[in-house]
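Where does this chain leave open space, and what surrounds it? Look at the structure with those points in mind.

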Amino acid sequence: HRSTTYELLEPEKVAAYIDARPELADRVDTSSLDVTEVGDGNLNLVFVCQDGGGRGIVLKQALPYVRLVGPSWPFTPERAVAEARAYAVHGRFAAEYLPAFYGFDAERYILAMEDLTDHRVWRGALTDGERHDSAAGDVGRYVARVAFHTSLFGVEAKELKWLTAAAINPDLCEITEDLVLTEPFSGADRNWFQDELADAAASLQTPELKAAAGELKYAFMTRAEALLHGDLHTGSVMVKDGSTRAFDSEFAFYGPIAFDLALPWSNFIVTMARDAVLGREEHGAWAATLFEQLWDAFEAEFRALWPGVVDPRVFNEPFLERWLAQTQRDAAAFAATEAARRIVGLAHVPDLETLDVEPRAVAGRAVIETVKRLLLDRPETAGEVSAIAREEVARG
Ligand code: SR1
Ligand code: MG
């Protein structure tokens, strides 16, 4: 581990910082630079830097603590190394679905990348009732490309072991293991939820649901399939008509591919719950189609890549069919854990938190009921996940 004492960026020091970095100095005119800190995530500083001529870059700096909680929770800035690695590796296979990556300052944990302020964060777009029709399919294709090309299907076996070891990201994984895959089902001091949802929160702590969470946590911690994005919720995706970019891949590690499919799915459940309590029927019906849009695009892309499988001796067509079926089933279950933590865990989402008290409780309850059915009924397909979510949000 490197030092955790390093200088944090401040807006007024950004121009000098850029001037001192040869890989950045030509990208913007620092004499006319406007710098705004826009980080709205749980962990980092994010500076949008735009010059008077319409050019811009984004600088993202890892704080040495969890922003959501404050300096009382120190946290490794080495996560920026994981993110830089993910941009570099994923960029080889899926560059059109990522921001352009301009460089990494390993001393101060600063990543430099494309200014995507002509896009918006997908979570905000969904929350506002916007439709971006290509986004779900694009995310499915992105996951398929990186899943295939960074896994045993696209990498020679011994090289894969070195890649897996190099991508170890224990502190970030621990957050997911605790916040997503344990605490909604075990209870934890840092969990919080609306008073109105106390009974719903308690109903997640049955032995059957704990065991289901245990199975998923075990899979997350042992099934090193591919270099995942690792935190692919709708707040990690920027959208504009015709363009979709996955960013913020600091949770990247070798894990189960279903997890990357599951996070957007869980956020579609949240969107549907919001739409239902706001009476946004049309948007809710459209959101219900996103599960299959994402899965279908993932599956089609994966099948298209399959003829290039590195070791076709046993990884044949029947194997592929079984693997796809298992991955789809696992995505449904992982989606449930991510949805649960957004209602009862530490890190909630504005999609629901911006609702008034009563509709917020109705939406939260619908999400919890969906979670329980996903974990206990174990749907097999994206269509079944969507149908369960539709039924539960319609119950009101
Ligand atoms: C303490 S960090 C909470 C959450 O923020 C990140 O975006 C991850 O989703 C993490 O679980
Ligand atoms: Mg994030």
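The model is predicted. Start with the largest pocket. Its space comes to about 1000 Å³. The lining counts 46 residues. To find the centre, look for Asp40, Gly41, Gly235, Phe247 and Asp248, which lie nearest to that point.

The strands are β2 (44-50), β3 (56-62), β7 (110-114) and β8 (120-121). The helices are α4 (122-127), α7 (170-180) and α14 (317-344). Of the elements, α7 provides the largest share, with four residues.

Now consider the domains. Domain 1 spans 11-114, and domain 2 spans 120-395. Both give residues to the lining of the largest pocket, so the pocket lies between them.

Turn next to the second largest pocket. Its volume is about 200 Å³. The lining here is made of 13 residues. Nearest the centre are Cys173, Phe220, Met221, Phe253 and Tyr254. Two elements, α7 and α10 (207-222), each give two or more residues to this lining.

By class, the lining of the second largest pocket holds nine nonpolar residues, three polar and one charged.

Terms used: Residues are numbered from 1 along each chain as its sequence is written. Chains are lettered from A and ligands numbered from 1 in the order in which they are written. This is a predicted model: local features need pLDDT of at least 70, side-chain atom pairs count only at pLDDT 80 or more; totals for chains, interfaces and linings use all residues. Side-chain values use heavy atoms; hydrogens and water are left out. On a 1 Å grid over the protein atoms alone, a cavity is a set of points where a 1.4 Å probe fits but cannot get out, and a pocket is an open set with protein on both sides within 12 Å along at least five of seven lines; lining residues have an atom within 4 Å of a point. Grid points are joined across faces, edges and corners, and a volume is the space filled by probe spheres set on the points. Domain bounds come from an automatic or database domain assignment. Ala, Val, Leu, Ile, Met, Phe, Trp, Tyr, Cys and Pro count as nonpolar, Asp, Glu, Lys and Arg as charged, and the others, Gly among them, as polar.
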